[in-house]
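Dear colleague,

I am handing over the structure we spoke about, with the sequence alongside.

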Amino acid sequence: MATEQSFVRVADADDLREDNPQIVQADGHSIGLFFHEGEVHAVDNRCPHMGFPLTKGSVDDGILTCHWHHARFELSCGDTFDPFADDVRTYPVEVRDGDVYIQPNPPRDEPPEEHWRNRLEHGLRENISLVVAKSVIGLESEEVPSTVPVELGTEFGTHYRQAGWGRGLTTLGVMTNLLPALRPEDRRRALYVGLTEVADNCSGEPPFFVQEALSTDDVSAERLTEWFRDNIEVRDSDGAERVLRAGITADLDESDIAGMLVAAATDHLYLDTGHRLDFINKAFETLDHIGWERADDVLPSLVPGLASANRAEENSSWRQPIDVAQLCFDAAEELPDLLEAGGGKTWKEPDDFVDVLLGEDPHAIVDAVTDAIENGATATELARVVTFAAARRVAHFGTSNEFRDWNTVHHTYTYANAVNGLSRRTDAPEVYRGVFDAAMNVYLDRFLNTPPTPIPDPDEDRDPDAALDELMETFEVEADEEVDLAGESTADYLAAGGDADRLKRKLGEALVREDVGFHTRQNVEVAFGQYDALAAEGTEESERRARIHLIATARYLSAHTPTRRAGEQTFRIAERLNRGENIHEMD
Ligand code: FES
């Protein structure tokens, strides 16, 4: 075996002149030798784009062109003229006494971690999924923690999109949250999915120009919150950003900052079909991974969307035939009195609480939530139950509905989950307004459960392995029956004693290989988080509810699969290139 510094003989120079180019093998590498303009050049014979053999390309004026997609490479250094293809690796060459020697393992110009970080930044900038995939794999092989690519992707996404936080950064946050639940080989895929979504979401967008923090100091959190809300109210993004940065610069507590954002995001109803509150929640979760010291980079990216968001009370569905928007506003007015009445009390969920939430009477829903607050229910408790009611909407969703209505029940689900998440970060009373909004949205979604698909009656005697195999098969077939079968096989698997962590790994495996949109990724992540929280409560009822979250998301995933899996194909090519495999038989 050749050592890192050593050269090995690979060819006769005269033969190469006669028979040019040639493929040689050295230390496990398949290398293309080219004699051009009196010099010998050695390059990795696998085109870095898709792995086709470069010796089948042509050389002219010092440029090697791969004929498959016409990428061009500067022959002596391997740099590409066409960034979609990535640079090709070259090898030092010496010709001694008529023999060609190459150095098959030359030292890199930069340490491997730095190399892959730079490549990842390049892939993000140019929106080249293959380069992103190779970088994620390269960083992992250098045992770089996953927080490093997440931090790089977050930094890129928050700086290079004028519109701020969007589906890209949300997907990256979602996939990062999912990592512990996934198989090791799917974790790198999850990072790749998240990072490519960031790159795609930023592609062609103007950058985010930073507004400086107000230089005022010694302003209370209450005053800053008031200013922030006032600016969002009049859709002044720049003013709101300056206030938010002032709060971060002044080292306000995370809970104060969360309270500020939640208050502004709930001054109006269900902003942008709930996405704005969900983005806030995801931004905080991302900071959990990469560190609160990045708050000044991350949180201001939320502001443009908050300022420009559609407000649900502007939609007729919230005003006619019943003005449910006004019901929410009226309930919010009562909050100070309700919270005072509930102080020191411990709420016990009434037996019919979920049925009321899923019922036909919006007044009864508001009354039920109001009573709960008056009886000591915390925002976290209430949001947990409303999220469960929203999961029931997904679990009961009839496949005869219009397909895009999956989004409608999904939006409610993620919104309620976001309220649940943010309620653990701030005790600002405005979080309760999110509970009312989410509950009202569960009401508005009721016709999508007409008739309701029943929650499956599981077969406890079933072989869990067979149920799991059946579930995975549903992700291979596009048919309404498969959606219901996904719910049934999930219910059977869990009732028969199947391990929930294994089920989640399988669902994760099915998720990361698909080109599904960010809604499906969000849906699975919400279900996993809600499952974990409910299962940890350890009661029979909490376990029952936990399972319904997984049943619901299995149905959602089945409804959105299979896809073309183009992203997975690119990732597999990157894996094979990384392993040094020849991609094509003619190589
Ligand atoms: S350009 Fe070479 S494989 Fe695509």
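Below are some notes on a helix, a sheet and several backbone details.

Please bear in mind that this is a predicted model, in which local features need a pLDDT of at least 70 and side-chain atom pairs count only at pLDDT 80 or more, while totals for chains, interfaces and linings use all residues. Residues are numbered from 1 along each chain as its sequence is written, and side-chain values use heavy atoms, with hydrogens and water left out.

I start with helix H3, residues 129–141 (helices are DSSP runs of H or I with at least four residues, strands are runs of E with at least two, and both are numbered from the N terminus). The end C-alpha atoms of H3 are 18 Å apart, which agrees with the 18 Å that its 13 residues should span at 1.5 Å a residue, the expected span being 1.5 Å times one less than the number of residues. Of those 13 residues, 10 are buried, where buried means under 20% relative accessible area, exposed means over 50%, and partly exposed lies in between, with a 1.4 Å probe and protein chains only. Among the buried ones are Lys134 and Ser135, as well as Leu130 and Ile137. Their cover includes helices H2 (112–126), H4 (147–159), H6 (184–202) and H25, on the basis of contact, meaning heavy atoms within 4.5 Å. After H3 comes glutamate 143, with a positive phi near 60 degrees.

The sheet is an open one of 4 strands in the order S2-S3-S4-S8, with antiparallel pairing; two strands pair if DSSP finds at least two bridges between them. Strands S2 (22–26) and S8 (90–91) each have a single partner strand and stand at the edges, so one side of each is left without a neighbour in the sheet. S8 pairs with S4 (residues 39–44) over 2 bridges, and alanine 42 stands opposite tyrosine 91 in S8.

Several loops deserve a look at the backbone. In the loop between H24 (540–559) and H25 (566–579) lies proline 562, which is joined to threonine 561 by a cis peptide bond with omega about -5 degrees. Arginine 565 is found in the loop between H24 and H25 as well, and has a positive phi of about 60 degrees although it is not a glycine. A cis bond also runs from threonine 450 to proline 451, with omega near -10 degrees, and proline 451 lies between H19 (431–444) and H20 (464–474). Lastly, arginine 235, in the loop between H7 (221–233) and H8 (237–249), has a positive phi of about 60 degrees and is partly exposed, at 34% relative accessible area.

With best wishes
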